Amino acid sequence: MQRAVRCAPSVHNTRPWSLEVHGHRAVLSRRTDQQLDRHDITGRDQLISCGAALTNLELAVREIGWAATAEPGDSPEVIGVIRGDDRAEPTDLERARYAAIARRTSDRRPFAPQPLTEEVRAHLRDAAGVPPVHAQWVHGQQKALLLARSLHFAARAYHDDREYQRELAMWTVAPGMTGDLGLRHEALGARGVPAVGLVTSTTHLPDESRLASWIAAESVLVLSAPGDRHRAAVRTGQAMQTAWLDATSAGLAASVMTQPLHLPEVAHALRRQLELSGEPMVIMRFGHPAEPEDPPD
Ligand SMILES: Cc1cc2nc3c(=O)[nH]c(=O)nc-3n(C[C@H](O)[C@H](O)[C@H](O)COP(=O)(O)O)c2cc1C
């Protein structure tokens, strides 16, 4: 269970949770000792991360043959309590999701040009669109251009924000350094859509029209949920992780971004322009993984 929870994605790889297991009861709590004051002012991304960890925990309990029963926590710091009182074999889908936990990773490279089939897109949208979370693909050139404009605007703002960049640098693990927490520098996206998904002070920003054509060529899914409430954020994390695990099982690559959505003007514009039913919480991109690049001669 600890291993499965550790593998969950988290904002800046902060792993903002703790897990305690007492008998048949596993309690996942939020840790608040590693706040990201510049990136995640409201703590929403940390709650989304905890939601992803909760999904992994449930799958781990199912994998060892218990019917996972969820109980509400008794304090705001408790994200979820999973009880395993009765034996029950996991389903094939749960097994496949559990097996994907250790293989899931953020792939911030540009994807191979081959598009996803409509069947796969429908599956991923349904996996992520579990109420109160709504999942919507970014369809067509026009919507891609609107999203590109917002991402570009946010990228410029973060690029020039020195306090923001100081915090991001503190959470970035330089090449050759080891560390359990934090973003590995070499895993950050330098090209394509991910280049505007986590902007550092040295990121080369693409122009809006190139960005729009990259977005239109990828499968970009926007997860929205009602308001900035605690429960909606946790549920978003669960939905995000379920779709990410299903994509991994299917041999697909994915990465997520929330950085642009923390600017209120960007969140507001996207909600209106993409006709979202709630607050945009996470942008996910899916595709076929690119072939590994040859090392330079
Ligand atoms: C709530 C949340 C927000 C994230 N925001 C971003 C983001 O804005 N940009 C980005 O490139 N990655 C983002 N990530 C991905 C994390 O950086 C990544 O999960 C973490 O570094 C661990 O790496 P892994 O996913 O390869 O295991 C986010 C992940 C989560 C769960």
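Helices (H or I, at least four residues) and strands (E, at least two) are DSSP runs, numbered from the N terminus. The model is predicted: local features need pLDDT of at least 70, side-chain atom pairs count only at pLDDT 80 or more, and totals for chains, interfaces and linings use all residues. Residues are numbered from 1 along each chain as its sequence is written, and side-chain values use heavy atoms, without hydrogens or water.

The shell around the ligand holds 20 residues, each with a heavy atom within 4 Å of the molecule. Helix H2 gives the most to this shell, with three residues. Two elements give two or more residues: helix H2 (44-63) and strand E9 (253-257). At least three residues come from each of domain 1 (2-101) and domain 2 (118-287); the bounds are from an automatic or database domain assignment.

By class, the shell has eight nonpolar, nine polar and three charged residues. Ala, Val, Leu, Ile, Met, Phe, Trp, Tyr, Cys and Pro count as nonpolar, Asp, Glu, Lys and Arg as charged, and the others, Gly among them, as polar. Arg104, Ser106, Arg108, Gly197 and Thr258 come nearest to the ligand.

A backbone N or O atom of Gly197 lies 2.8 Å from a ligand nitrogen. For Thr258, a polar backbone atom is 2.9 Å from a ligand oxygen. For Ser10, the distance from a polar backbone atom to a ligand oxygen is 3.4 Å. Alone, the ligand exposes 620 Å², of which the protein buries 91%, by the Shrake-Rupley method with a 1.4 Å probe.

Definitions and conventions. Polar contact = N/O pair within 3.5 Å; in protein donor to acceptor, adjacent residues only side chain to side chain.
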